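Dear colleague,

I am handing over the structure below, and I would be grateful if you could look through it alongside the notes that follow.

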Amino acid sequence: MFDTKTVTTQWGGKTLTLETGRVARQADGAVMATLGETVVLCAVTAAKSVKEGQDFFPLTVHYQEKYSAAGRIPGGFFKRERGATEKETLTSRLIDRPIRPLFPEGFYNEINVICQVLSYDGENEPDMLAMVAASAALTISGVPFMGPIGAARVGYIDGEYILNPTVEQIKAGELDLVVAATGDAVMMVESEAKELSEEVMLGAVQFAHKACREVCNLVIDLAEQAAKDPWEMPAQSDLTAAKDKLRKLVGADIAAAYKVTDKSKRSTMLYEVRAKAREAFADAAPQDQMAAGKLVKKLEGEIVRGAILKDGTRIDGRTTTQIRPIEAMVHFLPRAHGSALFTRGETQAICTTTLGTKDAEQMIDGLTGLSYENFMLHYNFPPYSVGEVGRFGAPGRREVGHGKLAWRALHPVLPSKDEFPYTIRVLSDITESNGSSSMATVCGGSLSMMDAGVPLKRPVSGIAMGLILEGKDFAVLSDILGDEDHLGDMDFKVAGTEAGITTMQMDIKIAGITDEIMRVALAQAKEGRAHILGEMNKALDSTRTELSAHAPRIETLQIDKSKIREVIGTGGKVIREIVAQTGAKVDIDDEGLIKISSSDTAQIEAAIKWIKGIVEEAEVGKIYDGKVVNLVDFGAFVNFMGGKDGLVHVSEIKNERVEKVSDALSEGQEVKVKVLEIDPRGKVRLSMRVVDQETGAEIEDTRPAREERPRGEGRGDRGPRRDGDGGRPLRSEGGGGRGDGGGRGEGRGPRRDGDGGRGPRRDGGSGGAERAPRSEKQSDDDGPAPEFAPAFLTGDRD
C-alpha cells in the first residue's frame, strides 16, 4: 500500500533516518526524520501559479512542537496547541534563513514548509532534525530548490567539539552553535558562547560544516530514490535593453543619491528616481512595469557594490573598516532602575533595565515541562524609527529574533543567581534605524545593566559586518548601513567582550561563503568591537556599586532545613504574617534559602529580624529589642527576636518598686530586655531594669542579691508537695508557717473540681488567715505575685 523510501546514516554516534512515502502523501514533499526517539515530520506544498501582480517570493515556514510528543497535555484553559511560542518562532526563522537564498531569482510561487515535532525523547533536540527534514522535503518535492542543506549543532567542552550535544552538555559547556550549510559553503550561523576566541569559533563552524556534508549526502541518497520530476521554470525574458534604457535614464541620479550621507535625503532622492523609472514604463504591460522596478534595484546594487570594490568608497564616505560616530550616555531616564541611550550614526536605541524579584521570572511551558527564566530581553522596532507608517503593536518574528540575538550576546556575562538574586528585564526601543539595530541593543543593554548595578563580568559590544562578493573579489565592511545590508551579500553580526565572543550570527544571501572570508570578517569585527567598547567606557566603564533608589533590594538568608516549617507556619500563617506586618516579599526554597525583597531597606531588616527570631535561639545575657504583647498582674510578656516571648516580672521592670504593671508599661510599647534565664522547658525570664531603655546598653545591677533560703525553711509544717498542687510550691508572703493541716494552713478544705483542683488560698501570714480570692484575670496556674520572678512563672505565650 505504501511506497516507502528510507535512508539511514550514523550521525554524531546515533542513527539518523529519513523516510518518505508513508505519511502526508498529498503534499508535494513530505519527510519523517528520526534521531534516537525524536521524530519530526516536514511537509512542503507549493502553489502551482503566481498571483497576478506579485513581485516577491512568499515563503512561509512553520515549526510546531506537539505536547503529545513528550507525553504532556498543554496547559491553559483550551488545552491545545495555539499561537507560536518564542522557541517555535525562533526555530521557524532558523529554518527559513538558510533555505530562502537557495530559490532562483524570479520564482514567486507561494511555498509552505510545515514542521511538526511528533516524538521527543528529551535528549535529541528536534530543531536540528526539523531543518534536516525541511531540506529533504524541499529536495524531493520538485520545486526549484538549489539544495540540499545540512544542519548541525556543536558544543565545546574541555577543548573538544561535540556534535549535537544534549541539553545538559550545552549547559556544562562553553558553546551552543548551530550551522546550516550546503556541501560547498556555509549558509547560516547562530551561536551563544562563553567568551571564546575567534579561532575556536571558526573551528566550530568548520567542524559543523563537515557534519552538514554528511546530511547533504544522505538527502541526495533519498532524492535519488524518491524525488519528483522538477518543475519547468518559464524562460526569463531578456531585459538587457530595458536595463540599458534605465541606466541612461536614471543611472546618474542613482549615483548622486548614494553619495548623500543623510539617510532621509537619500531616501527621498531614490524615491524620485523610482518614480521617474515608473513614468518611463507607464505604457508598458504590468509585468514589464514590475520588471522595471526590479531593474532599478539591480542598478542601485551595481553602482554601490562597484564603488566599494573599485576604490573602497562606501555610501557615507567611510572606509571599509571605519565605524560610524558613537555617542553613549547612561542614567538617561530618572525613574528607570538603569537606562542608556546608545547612538551609532543614524541608529539609536533607548535601553532600560528593570530589576525584580523571583516572582517576576518568566514561566516557560514546553516539551521539557515548566521552566523559569530570570533574564529577559525585549526588542521593539516601531515604524517611526525608519520614518515610515506601519503596524505598531505585538512583536513580529523579526523583533523576536533580534531580541533573542541580543539576549545571547549578554547572557554569558550575567552573574549567577547566588551572586545577584534578581530577575532582570532589558527593554530596547529602537528610535532610529540605519543598520545594525540589534547590535545597538547589545551595546545599550550592556550599559543599562551596568547603570542598574548588575555586576556583569565584562561590558559587551556588538558590530554588524557586511560583504560584497563579485567572483573572487570581495570586500568585508565594518558597521554596515541599512542599504549596504540590502544590497550586499552577507549580514554577519558579532558581539563579545574584550576577552572573547559571546554570540555570532551570519546570514548569507548568496550560495555560501568560504572559510577565508569568515576569517577576514572575524578579525575585522574584533577590531571594530574593541573600538566600540572604548567609546562605551567613556559613558560608564564599570558597574555601579549601588542599586537605584527605586529598585527592590534583595537580601538572602540561609536557615536550617528543619526550621523551614517554623518560618512558613501552619498553612503559611507565619510567613503571611511576616509579609503583612513588614511589607517585604519573602520567598523560601526547599534548601532553606530565604530571599527577602523590598525597595525599603527598613522593611527588609524587619523581616530578617523576625525570621532570625524564629530560627535562632535566645542567648542568656544578651540584650534584645522587644515589644510588650500582654500585661498580667505579676509582670508583662514581651515578644523579642520576632517569634519568641518571655516574661518580665514586675520586680524586673524597674529598680524601684512597681505597684501596678500598667502604670509602667502598655501593650505595644517598644522595650529593651536582657535574657536572664532559660529553663529546661524553654521558658524565658527577661529583665528591663538592667538595660538602658534609651541606648540599649547594659546597666550594672545595684540591687542587693536575695539570700537563698534552705529548702523547707519558713514553710512551717508543710508536708511534701502533692499532685493536686500542679507540682508548684505555694509561697507565703510573711515567711511564717501555714499552720496545721499537712502544711496547707488551717481551714482549707479538700480541693474541688470547680476550683481547678484547688481550694481557696489563705494569706501566707503566721496566723494562717484566709486569703482573698484571686482576680478573674489571673489564670488558675498563676499564684500571687511574689517579690522576685521565679523561673516557673516565665514562658512563651501560647
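Please keep in mind throughout that this is a predicted model. I begin with an open sheet of eight strands, whose order is 8-7-9-10-21-20-18-19 and whose pairing is antiparallel. Its edges are formed by strand 8 (160-163) and strand 19 (473-478), each of which pairs on one side only. On average, and with direction ignored, neighbouring strands of this sheet are turned by 20 degrees against each other.

Two helices pack on this sheet. Helix 7 (residues 286-311) touches strand 18 (461-470) and strand 19, and its direction makes about 95 degrees with that of strand 18. Helix 11 (residues 515-539) touches strand 18, strand 19, strand 20 (490-496) and strand 21 (501-508), with a direction at about 145 degrees to that of strand 18.

Within the sheet, strand 7 (residues 150-157) is mostly covered, seven of its eight residues being buried. Strand 7 is joined to strand 9 by six bridges, the two running antiparallel, and in this pairing Gly 155 has Asp 176 of strand 9 as its bridge partner. Four bridges join strand 7 to strand 8, again in the antiparallel sense, and here the bridge partner of Tyr 156 is Tyr 161 in strand 8. The hairpin of strand 7 and strand 8 has two residues between the strands, and in this hairpin Asp 158 takes a positive phi near 55 degrees. Strand 9 (residues 175-181) also pairs with strand 10 (residues 186-196), antiparallel and over seven bridges; Ala 181 has Val 186 of strand 10 as its bridge partner.

There is also an open sheet of three strands, with the order 22-24-23 and antiparallel pairing. Strand 22 (553-558) and strand 23 (585-588) stand at its edges with a single partner strand each, so one side of each has no neighbour in the sheet. The twist from one strand to the next averages 20 degrees. Strand 23 and strand 24 (residues 593-598) run antiparallel and are joined by four bridges, with Asp 587 opposite Lys 595 in strand 24. Helix 14 (residues 601-615) lies across strand 22, strand 23 and strand 24, and runs at about 150 degrees to strand 24.

Leaving aside residues up to four places away in sequence, Ile 111 touches a set of residues including Val 44, Phe 57, Leu 59, Phe 103, Leu 138 and Val 143.

As to the cysteines, a search of the whole structure finds zero disulfides. Cys 351 is in no disulfide, the nearest cysteine sulfur being that of Cys 443, 8.9 Å away. Cys 443 is likewise in no disulfide, with the sulfur of Cys 351 as its nearest cysteine sulfur. Because its relative accessibility is 0%, Cys 351 counts as buried, and Cys 443 counts as buried because its relative accessibility is 0%.

With kind regards

Methods
Residues numbered from 1 in each chain as written. Predicted model: local features only at pLDDT ≥ 70, side-chain atom pairs only at ≥ 80, totals over all residues. Heavy atoms only, no water. Pairing = 2+ DSSP bridges. Axes fitted to C-alpha atoms, helices over the stretch in contact; angles between N-to-C directions. Contact = heavy atoms within 4.5 Å. Disulfide = S-S within 2.5 Å. Buried < 20%, exposed > 50% of the residue type's maximum accessible area, 1.4 Å probe, protein only.
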